[in-house]
Amino acid sequence: MTGALRAEWTKLRTDNGTAWILAAICILTVAVGAATAAVTRCGSGGGCAVDPTKVSLTGIEVGQAVVAVLAVLVISGEYSTGMIRVTMTATPRRWMVLAAKAAVLTGLVLAAAVAAVAGSLAAGRLLLAGNGVTVAHAITGPVIRAAAGSVLYLALIGLLALGVATIVRDSAAATGAVLGILYVPPAIALFLGSDPAWQRWVERYTPVNAGLAILNTTGLHDLVISPWAGLGVLAAWAAVALLAAGALLRLRDA
Amino acid sequence: MTITAYRPPQQTGRESFAQSLHAEWTKFSTLRGWAIAVVIAAVLIDVVAVLAPRGDTQCGSGSGAACLAHVPTGPGGEAVNDSYYLASQPLAGNGSITVRVTSLTGMIAQNGGFQGPDSPPPGTMSPGLVPWAKAGIIITDGTRPGAAYAAMMVTGSHGVRMQYDYTSDIAGLSGAAPRWLRLTRDGDVITGYDSADGTHWTEVGQVQLADAGAVAGAVQAGMFATSPLDFTPNFPTYGESGGSTSNSVATGTFDNVGLRGGAPGGRWAGQYVGAGADSNGPQPAGIGFRETGGSAFTVTGSGDIGPVVAGMANSGYDTGTIADHLLGVFIALLIMVVIAAMFITVEYRRGLIRTTLAASPRRGRLLAAKAVVIGAVTFMLGSAAVAVAVIVGGNIAHDSGMYVLPVSWLTQARVILGTGAMLALASVLALSIGTMLRRSVVTVAAVIVAIVLPYILGVSGVLPASAAEWVLRVTPAAGFAIEQSVPQYQQVVGHYGPPDYFPLAPWAGLAVLCLYAAAGFGLAGWLLRRRDA
Amino acid sequence: MEATIAVTGLRKRFGSKLALDGMTFIVRPGQVTGFVGPNGAGKSTTMRVILGLDAPDQGSALISGQPYPRLRRPLSHIGAMLDAAALQPGRTARNHLLWLAHSQGLSGKRVDEVIEQAGLATAARRKAGGFSLGMRQRLGIAAAMLGDPPVLMFDEPFNGMDPEGIVWMRGYLRALAAQGRAVLVSSHLMSELQDAADQLIVAGRGKVIADTSVAELIAAASGDRVTLRTTAGPAAMKVLTRIGATVAVTGSDTLSVTGLASDQVVAQLSEAGVRFSEISAHRATLEEAYMELTRDAVEYRAAFVTEAVR
């Protein structure tokens, strides 16, 4: 396993694109979060309905796309160049290949995510305070939960994307499929307004809707699903995807 | 030994753009996967239109289509509310009506929630004036629902206005009661005047009411009062359209009432003119008019004279627009832009680009040929699918009792062809991005993030309203504005958000996307010509 | 204008690497011109410049007197096969040729003709992704012939061909030249080019090292020698050196003679009455000539000692 891990780490480390992608994750997340915070003001009337942490971390909705791209490149790039055969010859136990890729990918995404989340929160707090939104000075429990949860969220998105990309294999189709899984259900949930049962189901059990519950620090009783449970739903999706990917990897020709 | 150089038979005719076009079409159509994917994308629009759940409207007489209210339409064909209390006399020929409005007060029901036909009577009313409460004078072509009219009025918080034919609204001199108002009728032409003191009159506006007086004795001139539903949105974010409405009433007090041209010895007669999407319920108490001595009157009314807007803002239940049948368009967009990007990136991946460029060395024309092929395919499939969705969706809405705001054929055609054009322009933009970036994965991600994601972010309520509006103005997602079939009205308080309303006017939104596509295409063509293959 | 490829003074740099450094040659009709050189000599780059795919920093490449972008229906002026694997796997072979034909205003009928010519009739409606290397080569040739061009350019056409395919290819190239077309073929297989090519352009380090006919090149190479087996060694030596040949003793009864053709050796020895039992001529191969020529131009040399010429 160590050999496979070192191989995957070397592959990612020596690819020029990797550094750019990690940078893009950070920059895009912070930028979108900052932009959102910059235009957010308290609503009219007394009491501010704005959740400062959630607003600052809005960029995660966009950064996750770049995380997905990285995951797709990690596996689909090998299929398109034919290098997957070399990889599987070097590591005949295919589950190990997938596990090593997952581990290295997660490590890199966690690193980028920590930077992204920290940057977003810092920028967001500054900009929101400038807009007159009340931002608590102390870093409370819910904020820590939102921050840590967001980092985990991005890592789980990466794993989900890795699983789907391994199943789909073709790089362009995999990108479309992963981004579709991420972005289509939240939009559909909107339009299910007239069928509350379905809408609730979509908001509780689809990856992005559930996972993003972790961002909330206020109004927790109104949430459709509690923060950690939401992250758990996303984890379940990622696990299923990876298990299916592993099974297919073994069964299919390289 | 010399061999005479081989000369193939002379080929006549210039190489033309048509050849490149033919070649690119062959390339596209002979790859079954792409053709199938684009067809599936279009079909998904219709699948969503059919499957999107629509709650069956329940009412006293059953459910579904039986509950469809009969909403009148105004002279312009738009759905309108036409309910108010009128104290009037017939106006046979030319004449005028002048009043001084001394006060406008109102009451708002406190139990919230909209009033349906089976709801209990409104709860306690407490004093309050909704922004667009109206009291003033009106000359109307009869009291049938949707009749043409012109009115001068004092409003709750928008000063003096002249409104006519439901959709038009002109501001008069600002200021609260007491104010002097006058309407004069000269044949078909009605002119509104406003004054602070009764002596110096300023013309506010003029309208020609078609067929005014076509039915003898139909034209009524008089005082009216009305007060629309008080709408409070539930959610501060953009995409949610929920809200609560409460009934309200408004009372206007008038004096110095003068009618010229009426029948001699005519008496003021009061009636509740009521029809509209908001008048399903029982009327609040206190509606009517009283003569309070001399030529002074008090008129109390409820309802609205104005266009019905989408959502629940000024109707008893959720009204929609044809854009509600098009919720699947963004999924089709996702698939189509991925295919369009792949149309060029797979050539780079396989090295096929060299064969293509050797066969068509005029690279600008080659890119144009690709753009025309992918644009035409997405336009035609998209338009056809949207047309089906509008028709089928309309039928389903009708059967489930959901009222869809009616629009003209021309507007429907604009929505259908415009949405097809939006899909085509987005595909051309995706093709251009693919030409610039060349690598499949990065291109597909960039295309989705640049074109599809802004729509989702703008619409799904993730962003605060101002951010969401900015996104829907400035990004390629602005093209979705072409789906908006009814205009926003400044004189109606409502929730103006997607999918029924967009921040930009329809053609303006499409133009933004057009600019993106043109700029992308230009840049891609330049890069393609400059770069080595 | 005669059907030719005229390349003049091409210079191109990719980043820090100078790929082309004044490449100049002319490919004439009616013969097969081989284009050879070590890896990295600039052959593929030259071919891409000829086709207008890469832009040179300096110099020009003209097909029948015109630069590529100026050609109307370019595939009817020059047909090329650069990379046989440049195919969309999901598309059938026939459809691949079909779109190419449509881009030149040709019809499906012409497509079927070239499919027949290339021997792909049975495989035409199969997806190109399932083709073997040899079939892909044939498809590439069919594509090159689509416009019936007077100029043809093939990059490594023998790669991946089985022996039967190589024989077919050799004959095909010669037939094309015999029809009066100009044919440029790049290859590493010297043995094939030796039989197929008439003219040879040897490239190295981005420029032309030699531009001669194959016969001249081989003749100029120093490998020509005659091996003589005789018991009268000293006598033979005397006779032959007197005419000016160089004789070396390579064994107890074998001599190696350079500078004289074998028939001249036989004539001289017979006239002088020197007996010999065996005489064999060893002609330099194109490979040897080429290796000698490009010794300095090789960029990527493995660390083995090259096999001694026997």
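Guide: Two strands pair if DSSP finds at least two bridges between them. Keep that cut-off in mind. This is a predicted model.

Visitor: What makes strand E18 and strand E19 of chain B a pair?

Guide: Set the count against the cut-off. 4 bridges join E18 (residues 288-291) to E19 (residues 297-301) in chain B. At least two are needed, so the strands pair. They run antiparallel.

Visitor: Which residue of E19(B) is the bridge partner of Arg290(B)?

Guide: Thr298(B) is the partner of Arg290(B).

Visitor: Which residue takes a positive phi in the hairpin of E18(B) and E19(B)?

Guide: Gly293(B), with phi near 100°. The hairpin has 5 residues between its strands.

Visitor: Why is Tyr166(B) called buried?

Guide: A residue is buried if 20 or more other C-beta atoms lie within 10 Å of its own. Tyr166(B) has 28 such neighbours inside 10 Å, so it counts as buried. Tyr166(B) sits in the loop between strand E8 (160-164) and strand E9 (168-171) of chain B.

Visitor: What is the phi of Tyr166(B)?

Guide: Near 70°, a positive value in a residue other than glycine. Most residues other than glycine have a negative phi.

Visitor: Why does Glu156(C) count as partly exposed?

Guide: The class lies between the two limits: 20 or more neighbours is buried, 12 or fewer is exposed. Glu156(C) has 19 other C-beta atoms within 10 Å, so it is partly exposed. Its phi is also positive, about 55°, although Glu156(C) is not a glycine. Its loop lies between strand E7 (151-155) and helix H5 (163-178) of chain C.

Visitor: How do you know whether the peptide bond from Pro498(B) to Pro499(B) is cis or trans?

Guide: From omega. The value is near 0°, and the bond is cis. Most peptide bonds are trans. Pro499(B) belongs to the loop between helix H8 (465-474) and helix H9 (506-530) of chain B.

Visitor: Where are the bounds of the domains in chain B?

Guide: The assignment gives domain 1 as 17-53 + 322-530 and domain 2 as 80-316. Their C-alpha centres lie 44 Å apart.

Visitor: How many residues of these two domains are in contact?

Guide: 22 residues of domain 1 of chain B are in contact with 23 residues of domain 2 of chain B. On the domain 1 side, H8(B) gives the most, with 3 residues. That side divides into 13 nonpolar, 7 polar and 2 charged residues.

Visitor: How many residues does each chain bring to the contact of chain A with chain B?

Guide: Chain A brings 30 residues and chain B brings 34. On the chain A side, helix H4 (60-81) and helix H8 (171-191) each supply at least two. H8(A) gives the most, with 12 residues. The chain A side holds 17 nonpolar, 11 polar and 2 charged residues.

Visitor: How do you know whether chain A and chain C are joined or apart?

Guide: No contact joins them, and their closest C-alpha atoms lie 12 Å apart. Of the 2 pairs of chains in contact, chains B and C share the most contacts.

Visitor: What is the confidence for chain B?

Guide: The average pLDDT is 85, and 87% of the residues score at least 70.

Visitor: Where in chain B does pLDDT stay under 50?

Guide: Over residues 10-14. For that stretch the model has 4 contacts beyond four places in sequence.

Terms used
Residues are numbered from 1 along each chain as its sequence is written. Chains are lettered from A and ligands numbered from 1 in the order in which they are written. This is a predicted model: local features need pLDDT of at least 70, side-chain atom pairs count only at pLDDT 80 or more; totals for chains, interfaces and linings use all residues. Domain bounds come from an automatic or database domain assignment. Two residues are in contact if their C-beta atoms, placed from the backbone, lie within 7 Å. Ala, Val, Leu, Ile, Met, Phe, Trp, Tyr, Cys and Pro count as nonpolar, Asp, Glu, Lys and Arg as charged, and the others, Gly among them, as polar. pLDDT is the predictor's confidence in each residue, from 0 to 100.
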